[in-house]
Amino acid sequence: MNVLVVEDEMKMAALLRRGLSEQGLTVDVAGSGEEAVGMARSSAYDAVLLDVILPGIDGFETCRQMREEGIWSPVLMLTARGSLEDRVSGLDGGADDYLTKPFSFAELLARLRALVRRGQSERPSIIEVGELRLDPATREVWRGDTEIELSAKEFVLLETFMRRPGHVLTRSQLLDQAWEYDFEHRSNVIEVYIRYVRLKIDVPFGVKSIETVRGAGYRLRKDGGR
């Protein structure tokens, strides 16, 4: 596995390089976003570890520039800021996953392996699942030609499903994507918001798209509902 680490803190960069190299990975290090974009242009990386806080352009802009230039290496963003807004900004900019500092090295490796297993694939600007369409940049959603208005939380929840059609997502996975880390996981907020989303994207159209998988979680049908 050939990995690009984008980190301006020399100590952290050295630790990541050493740890990943000891696992048999080939590691290059960039100290700025501009340098990272240039290196990604000239080399094909299996994955990019991208810190958010960088000199010059930040990690969000670095990721956007890579995607605009057609560089589709999976990006794992490293951030000391775990707010929902930062996570959404990273995903909207083209990142594939995020990890909040401090993190365990074992989890970092696991997330890297998962990203590399998915491989590189171009992400369209508009996500489509059946007749459902979602634009992450403009925050617009349609079923067919009908635009649907969603709240911020409803939008993030639907986007999470639409990025993984056919996959069963647990309550914990959905909470991590749409709510702050310290949110009370024992509440029924997921059930409530699943109902809200269904009332907007399914009920008016006489279809069923989000399925309940008993004992496991929820799944968006691959056909977008029918």
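Helix α8 lies across β11 and β12, running at about 150 degrees to β11; contact here means heavy atoms within 4.5 Å. Axes are lines fitted to C-alpha atoms, for helices over the stretch in contact, and angles run from 0 to 180 degrees between N-to-C directions. The structure is a predicted model, in which local features need pLDDT of at least 70 and side-chain atom pairs count only at pLDDT 80 or more, while totals for chains, interfaces and linings use all residues. Residues are numbered from 1 along each chain as its sequence is written, and side-chain values use heavy atoms, with hydrogens and water left out.

**Confidence**

- The protein chain has a mean pLDDT of 85, and 86% of its residues reach 70 or more; pLDDT is the predictor's confidence in each residue, from 0 to 100.
- Among the elements of the chain, β9 has the highest mean pLDDT (95) and helix α4 (residues 84–92) the lowest (66). Helices (H or I, at least four residues) and strands (E, at least two) are DSSP runs, numbered from the N terminus.

**The sheet of three strands**

- An open sheet has the order β10-β12-β11, with antiparallel pairing; two strands pair if DSSP finds at least two bridges between them.
- Because β10 (168–169) and β11 (210–213) each have a single partner strand, one side of each is left without a neighbour in the sheet.
- Strand β12 (residues 217–220) is joined to β10 by 2 bridges, and Y218 in β12 is the bridge partner of L169.
- Helix α6 lies across β10, β11 and β12, at about 70 degrees to β12.

**The sheet of four strands**

- A further open sheet is antiparallel and has the order β6-β7-β8-β9. Its edge strands, β6 (127–129) and β9 (146–148), each pair on one side only.
- Neighbouring strands of this sheet are turned by 25 degrees against each other on average, direction ignored.
- Helix α6 (residues 152–162) packs on this sheet, touching β6, β7 (132–135) and β8, and its direction makes about 115 degrees with that of β7.
- Strand β8 (residues 140–143) is joined to β9 by 3 bridges, and V141 stands opposite I148 in β9.

**Aromatic side chains**

- The whole structure holds 1 aromatic pair. Y193 and Y196 form this edge-to-face pair, at 5.1 Å centre to centre and 75 degrees between the planes. Rings of Phe, Tyr and Trp (its six-membered ring) pair if their centres lie within 6.5 Å; planes under 30 degrees apart count as stacked, over 60 as edge-to-face and the rest as tilted.
- Y193 and Y196 are separated by about one helical turn because they are 3 residues apart in helix α8 (residues 189–201).
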